Amino acid sequence: TIQTLFTIMSDNNTLFLFGGTGGLGMEVAQGLVTAEGFDSKKAIVRDASSDKAKSLETMGWTLVELKDIVGDAKGLEDALQGAKTVVSTVGGNDMVPLETAVIQASKKAGASLFVPSQFGVDFRRWGTEFPFLGGKKKVLEAAEEQGLPTLCVFSGYFSDWIFSFFIDVENISATWVGDGNTKLSFTKRSDIGYVLAKALADPAYEKGGFLAMQGSFVSFNEATELISKTMGKEFTVEYMDPEKAKAKEMELLEAGLKGDVGSFYGSFKLHLMGEPYRGNTGCDLSEIYNNYGHKMATLEEVFASVYGSS
C-alpha cells in the first residue's frame, strides 16, 4: 500500500557510495563520510578484503560486498536496503550499465536521491557530444525514467590530475589551444566529497538539482607559470589554432572509436583543452559555485604536492 511504501521510505536514512575503491572514489570518500544526518554510511565494494576497501573502512565506511553489481539485480536491491542517498564515483567503459543498474535497484529500495558520477564540467553549457560525456547523459535519462531525483555535481577540471594529462612534465613542455588566457574552474578531487557532504544537508537539494564548486579560477597560462615556479624549471609553451585543434580532435576520435585507446584519449585531451577557446563556457563555474564554507585547496597547494619534488 501507499502507507507501507511511505513507512519504508521514511525509514531509509543510509548514505551509500559506489566506486569508492577507484581513483576518484578514494578521494571523494574521505570527505563524503563527514556528511551529517545519516544513520549509517555504507560503501558497496566487489572485494571487501582488498587494501582499498580496508582504507574505506578506516575512513568510517561500513563495507557491503557484492561481487556482481550489474548481473545480480536482487543482490543489489538487497544491498541497498535503507538507502536514502546513493552516490556514484564510478568511471570507465561500464559506467552506463553499472549506474543504470544502481539507479533501478536504488529506486526499488526506496532511495530518494542519486548523485551520478558527473563530476567535471557543467554539461548544460558544455554539451554532451563527446562520447564519454554522452554516456553521462544516458545515465541521467535512466534516472529520469525511473523517477529517481538526481543531484549533478560540477567541479570543473580536477586540479590534482588534469595537468599531468595535459602537459609533458618529463620534457617540461606544454601545448595549449588558443591563446591560453581564458580562465577556467579547477577543484582538487578530495575537496569534492567535503563540499558534497555539506550540500546533502541542504534542504534545497532534497529533490535533486545542480551543485557547482570551485577551488581555483585561473587560465592555462597562469597554471603553467605556477607549475614552472613550483618545479623550478621553465616550460616550453606552444599554442594551437582552435579550429585546427578541432580537426585533429575529430581525426583522433575516429581512430579512437575504432579501438585505438591512445587516439581516443588524445582526442578527449584536445576536446577539454579546446572547447573553452571556441566559446564554450561549461568549465567556468565562477558565477554559480557554492563551496559551503569548506576551505578549498589552492592551486599553489595542489602543485606543491603533485610537482614539488619533480
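In this predicted model, Leu15 has Lys41 of strand β2 as its bridge partner. Strands of a sheet pair through backbone hydrogen bonds, either parallel or antiparallel.

Strands β1 and β2 are part of an open sheet of 5 strands with the order β3-β2-β1-β4-β5, and the pairing in this sheet is parallel. At its edges are β3 (62-65) and β5 (113-115), each of which pairs on one side only. On average, and with direction ignored, neighbouring strands of this sheet are turned by 25° against each other.

A further open sheet consists of 3 strands in the order β7-β9-β11, and its pairing is mixed. Its edge positions are taken by β7 (157-158) and β11 (216-219); each has a single partner strand, so one side of each is left without a neighbour in the sheet. Between β9 (residues 183-187) and β11 there are 4 bridges, and these two strands run antiparallel. Within β11, Phe217 is the bridge partner of Ser185.

The helices may be considered next. Two packed helices are described by the angle between their axes and the distance between the axes. For helix α2 (residues 23-32) and helix α9 (residues 189-199), the axes come within 6 Å and cross at roughly 40°. The arrangement of α2 relative to α9 is therefore oblique, and the crossing is right-handed. On the α2 side the residues that meet α9 include Gly23, Leu24 and Val28, while those of α9 include Ile192, Gly193 and Leu196. By class, this contact of α2 with α9 comprises 7 nonpolar, 5 polar and 2 charged residues.

How are α11 and α12 oriented to each other? Helix α11 (residues 242-256) packs against helix α12 (residues 261-274) at an angle of about 150°, and their axes are 7 Å apart. Because angles over 145 degrees count as roughly antiparallel, α11 and α12 are described as roughly antiparallel to each other. Their crossing is left-handed. Among the residues that make the contact are Ala245, Leu252 and Leu253 of α11, together with Phe264, Gly266 and Leu270 of α12. The residues of the contact of α11 with α12 divide into 6 nonpolar, 5 polar and 3 charged.

Terms used: Residues numbered from 1 in each chain as written. Predicted model: local features only at pLDDT ≥ 70, side-chain atom pairs only at ≥ 80, totals over all residues. Heavy atoms only, no water. Axes fitted to C-alpha atoms, helices over the stretch in contact; angles between N-to-C directions. Parallel < 35°, antiparallel > 145°, perpendicular 65-115°, else oblique. Left-handed = near helix turned anticlockwise from the far one by under 90°. Contact = heavy atoms within 4.5 Å. Nonpolar A, V, L, I, M, F, W, Y, C, P; charged D, E, K, R; others polar. Pairing = 2+ DSSP bridges.
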